[in-house]
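Colleague: I'd like to learn how to read a structure like this one. Could you walk me through a few features?

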Amino acid sequence: MRKRSLTARLALAFALIAGLTFSGVGIYLYGSLASQIIDRDDAELLRKAARAQQELAELRSSPTENRWEEVLGVVKGNEEFGIRILDARGVQLAAAGANYGIKPIGGGAYAKVPDAAGSIQAWSTPSDMPVRMTTIKASVSGEASPVVVELYQVASSRVSLLRDYRWKLFIAVLLGTVGAGGLGYAALRAGMAPLRSIAAGTA
């Protein structure tokens with residue numbers, strides 16, 4: 001097998017170093033973007049929870065089916081968000097928006113993330129969609145016991161956005177590594193041309 005030239009070996013080493021550097025920067029950028037998106041989504045979830053709590057406080061006893069309409073309306077306009085209103089026994093009184101399916105049961109199935117405005121539970125559906133939920137308990141006129149409101153987000157758009165971003169970062173790192181290796185090879189070849197001339201003259 002033909003031995004690689006010193007120029008090729010140095011260019012390969014340069015490309016490897018550049019690839020590792022680009023990968024490190026890409027991992028940092030991806031983590032930073034993911035963290036910012038999650039923080040934004042959590043802030044929106046807690047804003048909707050505060051609005052739902054306000055609507056519950058203003059709710060009046062009514063026998064009509066539209067009693068919960070104002071509370072359910074906090075998730076309108078965004079199909080990722082959903083809301084469920086349960087009585088003290090866990091019986092669903094009303095629901096609107098997205099459906100997270102079945103919440104996992106058991107130790108460690110979901111974790112509470114402390115927040116100044118409440119707590120957020122997080123888990124993933126069987127299809128690996130992240131779900132984040134906050135729960136409100138409130139006394140409502142006409143109900144013997146406080147109702148429980150689950151307000152949650154099934155973050156499908158976040159998954160899609162981050163998946164596309166991962167591919168873009170992968171392509172950018174790959175092109176950057178190949179480009180750095182090619183430029184390094186060209187620069188090394190040009191820089192070592194005088195040495196090759198001297199070596200050829202003394203041969």
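Colleague: Let's start with Tyr30: is Tyr30 buried, partly exposed or exposed?

Modeller: Keep in mind that this model is predicted. Buried means under 20% relative accessible area and exposed means over 50%. Tyr30 comes out at 22%, so Tyr30 counts as partly exposed. Tyr165 also has a relative accessible area of 22% and is partly exposed.

Colleague: How many aromatic pairs are there?

Modeller: The count comes to 2 aromatic pairs. In one of them, Tyr30 and Tyr165 are stacked, with 6.4 Å from centre to centre and 15° between the planes. Tyr30 belongs to helix H1 and Tyr165 to helix H3, so this pair ties together parts that are 135 residues apart in sequence.

Modeller: Trp167 and Phe170 also form a pair, this one edge-to-face, at 6.0 Å centre to centre and 90° between the planes. Both residues lie in helix H3, 3 residues apart, which is about one turn of the helix. Trp167 is exposed, at 55% relative accessible area.

Colleague: At what angle do helices H1 and H3 pack?

Modeller: H1 (residues 6-58) and H3 (residues 156-191) pack at about 160°, and their axes are 8 Å apart. Angles over 145 degrees count as roughly antiparallel, so H1 is roughly antiparallel to H3. Their crossing is right-handed. In the contact of H1 with H3 there are 21 nonpolar, 8 polar and 4 charged residues.

Colleague: And which ring does the charged end of Lys48 sit over?

Modeller: That is the ring of Phe81, with the charged end of Lys48 5.1 Å from the ring's centre.

Technical notes
Residues numbered from 1 in each chain as written. Predicted model: local features only at pLDDT ≥ 70, side-chain atom pairs only at ≥ 80, totals over all residues. Heavy atoms only, no water. Axes fitted to C-alpha atoms, helices over the stretch in contact; angles between N-to-C directions. Helix = DSSP H or I, 4+ residues; strand = E, 2+ residues; numbered from the N terminus. Parallel < 35°, antiparallel > 145°, perpendicular 65-115°, else oblique. Left-handed = near helix turned anticlockwise from the far one by under 90°. Nonpolar A, V, L, I, M, F, W, Y, C, P; charged D, E, K, R; others polar. Phe/Tyr/Trp six-rings, centres within 6.5 Å; stacked < 30°, edge-to-face > 60°. Buried < 20%, exposed > 50% of the residue type's maximum accessible area, 1.4 Å probe, protein only. Lys NZ or Arg CZ within 6 Å of the ring centre and 35° of its normal.
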